[in-house]
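Reader: I am new to this structure. Please show it to me, and then I will ask about it.

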Amino acid sequence: MQPSGRHYVVVRPLFSEDSFAEQHERINRTRKTLRHHLKDYFTCDTNRAKNAARSLLPIIGWIKNYNIKEWLLGDIVSGISTGLVAVLQGLAFSLLASLPPGYGLYTAFFPAIIYFFLGTSRHLSVGAFPILSLMVGAVVTRLVPDGGPPANITGFEGLSMEQQRVLVASSVTFVMGAFQLIMGMLQVGFIVMYLSETLVSGFTTAAAVHILVSQLRFVLGLDFPGVNGPLAIVYTLENVFSDITNTNVADLVTSIVIMALVLIVKEINDRFKSKLPVPIPIEVIVTVIACGVSYAFNFEKRFNVVVVGEMVDGYESPIAPNLEVIKESAVEAFPMAIVGFAVAFSVAKVYSVKHDYTIDGNQELLAFGVSNMFGASFRSFAASTALSRTAIQESTGGKTQIAGVLSAMMVLIVIVAVGFLLEPLPRSVLGALVIVNLKGMLMQFRELPFLWKNDRTDFVTWVVTFVASLFLGLDLGLAVGLGAELFTVVCRTQFPRCSLLANITGTDIYRDRKDYNSIYEPEGVKIFKIPSPIFFANIDFFRDKLVQAVGFSPLKVLKKRNKALRKIRKMLRNGELEISDRGLEVRQPSTDTSEDNNSMEGLDQPIDFSGIPIQVNWNTELPANISVPPVNIHSLVLDFSAVSFLDISALKGLKATLKEFLRIEVDVYIVSCDVYIMEKLHQCSFFDDEIKTSIFYPTLHDAMLHILEKHPDHGELEKVFTVICKLSRL
């Protein structure tokens, strides 16, 4: 190849796959078997032991390179700022989990300590996540409802309603962590790839609506039992509107003022973040003010406002998970494990790219699995991350998980020392802070016009996931959304957009003939492209599209020709046909309209001219009103450049289709076939006396040049592809 300006010139022989293999010897590489992979996996040496230790304890890798002078101050500032937010979010998200507010502080402490040692992200703020809290709350209210007796579970005896709920939350968190740990040990961190951004967007938007509705009773100061299960959002709204006349005005006014202030200051933080050394901690400020005002004016007694109340005092002794609760909640715990990991990994990946370091999905699963199992033993509930909290940890100068540990220390101080100062805080303030933090997720509705305009399939996935999650619940909604997403993938591969290609005049480039005007299409040639793998689900679609593209069914043509030959043989035996210089002529009309007993057998076999003294021209008028569908092509090219794999069902269907075309004298060529597919074809005995390796060409242009050499007379291509009758006496 010689470059010439913006042109290139290639001079090489015309290759088929056979001739290319003769001139360019391929290296025979030995591939490892499963036994070799297992042997390598379980073989241990000094270096591998060191690497395993670094992998299981990522802290070993980064702590020795910690730059105290440059990083420590930023981590301290970040840890304090993030810790204050973690305290407030822990209290607020406890309400979503239907637990007393103080237990959210445990979730902000224990998992963060474990993640410090096991996590690979340097910026992730581990703790309560609103969607997970809501999913935990659904299990809690199902097993320990507000207005009714709890489920019949051994271990509930002698426990208060609050203690029963804490036991349920910690048990479901433990099994959620166990699922994450098992997936990490099985190295299935790739599972997050099955949750597309569209699906996650629809799911989190529905979750945000659930959270918003669930907080209305706190914002409005209403008192009604929580609802879980399918259509829970409908029943909750029904309770809100039926009881709205009992709205507590003090709670409502406080919530509106809090939301307005927080939204305004957050907008200021976003607009002037380049000028502000740290974001204004508006949540902390309004919380302190609300606590002071509530205490000074005695909101609880004067205005009947529900406050946080008695906080947890220090740490409680560890508890074991309840096996019956695990049995009852295992189905709901699995989607929690997936959602918690998917959200955390997505956020961690954003900051790892921004700060140029790597994260390990499998290690993240292990880290969150152990974190949740350890935290559950100390009465915390499901932990992941929150985008707002992680953004604060990164934007305030956090460089490593030292900031995460300092954040946990801030929570520790609140738990053991100053938690009582938060007791006068109205729960409506926590509800208002939760609602304000939903802004980002609720704004995802803006994606819909873009999806509708650019990708209707993704639009359907978003809407189905959103509607299912909204009305069926988050666990079932996620399953339905995942099913819808996989269904769209199957549809895209099962019903791909096949096309007929043509040559762009003056080039070796081939494109869809419908898209260009300056194209060259040799007569008698069809170039068919299928842009997807060929497998059991789409092989029939492939064959149907191929038949539509060429304009005839090769199997029907083959059967018609074999049937016509049988009739010609019979008429020759009966003397109804004779052979002349002009071909076959009718001597006398046939009066026998009966057919052979086995007339339908063998019609799909190769055409056999034995017993007929001439070779029949199928494109001329045949005697005795024998009609055979015309075949107006002599060559068919199949472009396999986008075919990534073939399964056995597709291989058998492809082989049958190729034979049908070859038996009606249409040459078939397959181009740009992947070498590993070629290997599979050899292994599966694809080639025989009819289908040979010579039909394969490395490029489409090689095949087209070969066809033009074989059929050079462009002006009379009709004569080329028509089989000319040659009279020959036996």
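Author: Helix H12 (residues 249–271) and helix H19 (residues 427–436) pack with their axes 9 Å apart, at an angle of about 35°. Axes are lines fitted to C-alpha atoms, for helices over the stretch in contact, and angles run from 0 to 180 degrees between N-to-C directions. Helices are DSSP runs (H or I, at least four residues), numbered from the N terminus. This is a predicted model: local features need pLDDT of at least 70, side-chain atom pairs count only at pLDDT 80 or more, and totals for chains, interfaces and linings use all residues. Residues are numbered from 1 along each chain as its sequence is written, and side-chain values use heavy atoms, with hydrogens and water left out.

Reader: Which residues of H19 meet H12?

Author: Contact means heavy atoms within 4.5 Å. On the H12 side are Asp251, Thr254, Ser255, Ile258, Met259, Val262, Leu263 and Lys266. They meet Ser428, Val429, Ala432, Leu433, Ile435 and Val436.

Reader: How many salt bridges does a search of the whole structure find?

Author: A salt bridge is a side-chain nitrogen of Lys or Arg within 4 Å of a carboxyl oxygen of Asp or Glu. The search finds 21.

Reader: Why does the pair of arginine 492 and aspartate 458 tie together parts that are apart in sequence?

Author: Arginine 492 forms a salt bridge with aspartate 458, with the closest N and O atoms 4.0 Å apart. Arginine 492 lies in helix H23 (residues 474–494) and aspartate 458 in helix H22 (residues 456–472), so the parts tied together are 34 residues apart in sequence.

Notes
Helices (H or I, at least four residues) and strands (E, at least two) are DSSP runs, numbered from the N terminus.
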